[in-house]
Amino acid sequence: MHLSQSSSEQELKSEVIETGYKPRAPQKEIHRAMHNSRFVVAVCHRRMGKTVAAINQLIHSALKCDKNKPQFAYIAPTYGQAKRIAWEYLVEYTRPLGAQVRASELRVDFMGRRISLYGADSPDSLRGIYLDGCVIDEIGDVNPSLFNEVIRPALSDRLGWCMFIGTPKGSNHFKGLRDYALDDDNPNWDLREYKASQTKLIAEDELKDAKKAMGDNKYEQEFEISFDAPIVGSYYGEIIKDLDTKNHIRDIESENMTQKWTGWDLGMSDSTSIWVAELVGGEVRIMDYYENGGQSLDHYVGWLKDNGYEDYNHILPHDVMVRELGTGKSRHELLTDAGLKIEVAKKMSVEDGIQAVRATLPATWFKNTSNVNKGLECLRNYRREFNEKLNVYQNKPLHDWSSHAADAFRYLCIGIDKSGNTHHTDWNKPIDDTYKNQYM
């Protein structure tokens, strides 16, 4: 790629720099979109070269930026992924620019500019910085709150841009961004979509072989960028999709004569999540959801009181009984002293707890609010951990931004199942129509 460099410290002059980047046709389209729009959503099939395009967009924008001390960022779902996926590309394409490489910080500095790599699993490392441009890769695996709560403020005073790239992971917040960019009422946004059958970058015989090996759902998601395919490895995705078609996500009015519960996952240094539910007969009605991090117990007690939930029955995990060295009291005692009625969820394996959720979900309704939908997004994305070396899904959940909500929902379902009649069955297998025969 040829880049025109402008000197910010001397009289302006142009110089052609060859970095070695030779963009493919879809990559060129993405660069043109970034030239014309501040926010671009690019939905890309596997092996299209989206990360290479993203890194070179950052380099190009950095060289063109005439602000003081330009600063740009590439963000992957985890710090490890950023290092594994993008670091070598960043070093390779900035080497002709004489970049100073800071490997320990995943950062390069060149010509008064800086590009850094980050992981969305450490959002605090991004707080308080300014950005002139940013790429969020595999946005479907990133906490939905990252952009609005952390990145958008970092872009504001410099009027920076942001590119969202990735391959679909079910009907989640990435699809929401895609639909938002498609809307003509959002003129600063642009959408680019690339199916493997259209770009012709991968040989047709290879695609046919991939489809045969992967199966229709996985192939449609990975190569034909389908948002309709369920998230592969998801524990609850198929059930929630079925609930949506049955109008179980809708407006719900609170009723006085229902049993009222909350289910918590208590974080120590990370997020705490709370589900709010009403029970009547065999129905579970989810009325609210809240998540926050780095707050004291008083904060969550205050949220309950502000919303009229303090008199509910509050279900917490068994480790709520552990005493803290600083106070000599358990969190159970602290919450009880605050006036809450605490019930401790039965100690149960994660496997059996997941089965309890799967048994409960078909009889669950969700109030259609932004808070509840945020929690639902977590339940859709809660999935088994994937072993990339062995190319198989592990028999344990992936711990990511969706875990706290899923754990809290698991404790809720365990706690309200008074019969304790939960059985460890084939919880680790992908959902199919068998659950309907068992529970519907």
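Colleague: What should I know about the model and its numbering?
Modeller: This is a predicted model, where local features need pLDDT of at least 70, side-chain atom pairs count only at pLDDT 80 or more, and totals for chains, interfaces and linings use all residues. Residues are numbered from 1 along each chain as its sequence is written, and side-chain values use heavy atoms, with hydrogens and water left out.

Colleague: How many aromatic pairs are there?
Modeller: The count is 21. Rings of Phe, Tyr and Trp (its six-membered ring) pair if their centres lie within 6.5 Å; planes under 30 degrees apart are stacked, over 60 edge-to-face, and the rest tilted.

Colleague: How are the rings of Tyr 309 and Tyr 312 arranged?
Modeller: Their centres are 5.3 Å apart and their planes at 55 degrees, so the pair is tilted.

Colleague: Are those two buried or exposed?
Modeller: Tyr 309 and Tyr 312 are both buried. Buried means under 20% relative accessible area, exposed over 50%, partly exposed in between (1.4 Å probe, protein chains only).

Colleague: And how do Phe 366 and Phe 409 sit?
Modeller: Their ring centres are 6.1 Å apart and the planes are at 20 degrees, so this pair is stacked. Phe 366 and Phe 409 are both buried.

Colleague: New topic. What is the phi of Arg 47?
Modeller: Near 65 degrees, a positive value in a residue other than glycine. Most residues other than glycine have a negative phi. Arg 47 counts as exposed, at 68% relative accessibility.

Colleague: What about the phi of Met 111?
Modeller: Positive, about 50 degrees, although Met 111 is not a glycine. Met 111 is partly exposed, at 31% relative accessible area.
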